[in-house]
Amino acid sequence: MGARLIDGARIAQQLQAQLREQLATRLTPAGIVPGLTVLLVGENPASRIYVRRKIKACGEVGIRSNLIELPDTVAEARLLDEIERLNTDAAVDGILVQLPLPKHISVAKVQHAIRPEKDVDAFHPRNVGALVTGEPALEPCTPLGCLRLLEQESVAIQGRHAVIVGRSNIVGKPMALLLLQRSATVTICHSKTPDLGAITRQGDILVAAVGVPRLIKGSMVKPGAAVLDVGINRLPDGTLCGDVDFAEAREVAGLITPVPGGVGPMTIAMLLHNTVLAALRAHGAAR
Ligand code: NAD
């Protein structure tokens, strides 16, 4: 029998419905209208699709959104000025700069420029530091979405071995920290890890965040494991696939996310969650 599918699209819709309800019953009556501003630099087609989805999702839950588009040639200083303007705009609770950025712009400088309280992607070093020390802060959307999937599916985390493939600042490292906070035993694998399968086969929870189509074969999955596939890879025929060989892995795993419709929608739901949280904190109304 195949693994049970984790329907990220459905779970994300449920979370968005809860946010919509929270806005309607708690925030709107208190005069709080969360606002997200997205900065999009250049013409990257994938970025345009992601940004459009984020803006649409904001509208669906009642978050006010604003898209600022800047040309590929925009000077770094101009982008930093724009961020500073948004930092001091009380109507803006969340600021998101869509990645990737053109090569002449320093991603680190941009991430450092966003005020940590408005950093809904949670890439600012202060938010990263808070994640390391376990202090309350905004947490990065994709790993947080993965965690929510595990919670929704009642996957036990404490004391289990979580294996993460990929060590990026955006997914792999924060994923490891979030799972460690919940008392998993965590192993991080990366491009220099020899005999990857020997390690991934130990994972009760296996998170693939690599960017290599179908790298994780069925033989690399522990029977019964919960497999979260973060990868979004476009194949030459135009279709999307994950970092996990879904057809093979679903025969071995206990639970598995599809691509698309797994982790991706959760990233957007968590962006909305972070924007609402930032607005609540800005108004001193966070729980
Ligand atoms: P990245 O390129 O920054 O990092 C990839 C990581 O994979 C690196 O740490 C590298 O060491 C490791 N790696 C590369 N080849 C490997 C190999 N053969 N064996 C083991 N490890 C290897 O990528 P990223 O930003 O973390 O994104 C990873 C994937 O997740 C991409 O497909 C990206 O599109 C996708 N992604 C999806 C979402 C979402 O919302 N679903 C969000 C962010 C990223």
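1. How many residues has helix H3, and what does it reach from its first C-alpha to its last? In this predicted model, H3 covers residues 76-87, which makes twelve residues, and its end-to-end C-alpha reach is 16 Å. That value is close to the 16 Å expected at 1.5 Å a residue.

2. The buried residues of H3 are Glu76, Leu79, Glu82, Ile83, Leu86 and Asn87. Viewed down the helix axis, these buried residues fall within an arc of 145 degrees, so they line one face of H3. In an α-helix there are 3.6 residues a turn, so residues three or four places apart point the same way. The partners against which the buried residues of H3 pack are strand S2 (35-41), strand S3 (64-70), strand S4 (94-97) and helix H4 (107-113).

3. The second largest pocket has a volume of about 290 Å³. Its lining comprises 17 residues, of which Gln111, Phe123, Val128, Asn169 and Ile170 are the closest to the centre. At least two lining residues come from each of H4, helix H5 (125-133) and helix H7 (172-181). By class, this pocket lining divides into twelve nonpolar, four polar and one charged.

4. One cavity of 30 Å³ or more is counted. The largest cavity has a volume of about 90 Å³. Of the 13 residues in its lining, Val97, Gln111, Ile114, Asp121 and Phe123 are the closest to its centre. S4 and H4 each contribute at least two residues to the lining of the largest cavity, whose classes are nine nonpolar, two polar and two charged residues.

5. Most residues other than glycine have a negative phi, and most peptide bonds are trans. Leu99 and Pro100 are joined by a cis peptide bond with omega of about 5 degrees, and Pro100 is found in the loop between S4 and H4. The bond from Val259 to Pro260 is also cis, with omega near 0 degrees; Pro260 lies in the loop between strand S11 (255-256) and helix H10 (263-282).

6. Ala122, although not a glycine, has a positive phi of about 60 degrees. Ala122 is placed in the loop between H4 and H5 and, because its relative accessibility is 4%, counts as buried.

7. Asp195 is likewise not a glycine and has a positive phi, here about 45 degrees. Asp195 sits in the loop between strand S6 (185-189) and helix H8 (196-200). Its relative accessibility is 54%, so Asp195 counts as exposed.

Methods. Residues are numbered from 1 along each chain as its sequence is written. This is a predicted model: local features need pLDDT of at least 70, side-chain atom pairs count only at pLDDT 80 or more; totals for chains, interfaces and linings use all residues. Side-chain values use heavy atoms; hydrogens and water are left out. Helices (H or I, at least four residues) and strands (E, at least two) are DSSP runs, numbered from the N terminus. The expected span of a helix is 1.5 Å times one less than its number of residues. Buried means under 20% relative accessible area, exposed over 50%, partly exposed in between (1.4 Å probe, protein chains only). The arc is that of the directions from the helix axis to the C-beta atoms. Contact means heavy atoms within 4.5 Å. On a 1 Å grid over the protein atoms alone, a cavity is a set of points where a 1.4 Å probe fits but cannot get out, and a pocket is an open set with protein on both sides within 12 Å along at least five of seven lines; lining residues have an atom within 4 Å of a point. Grid points are joined across faces, edges and corners, and a volume is the space filled by probe spheres set on the points. Ala, Val, Leu, Ile, Met, Phe, Trp, Tyr, Cys and Pro count as nonpolar, Asp, Glu, Lys and Arg as charged, and the others, Gly among them, as polar.
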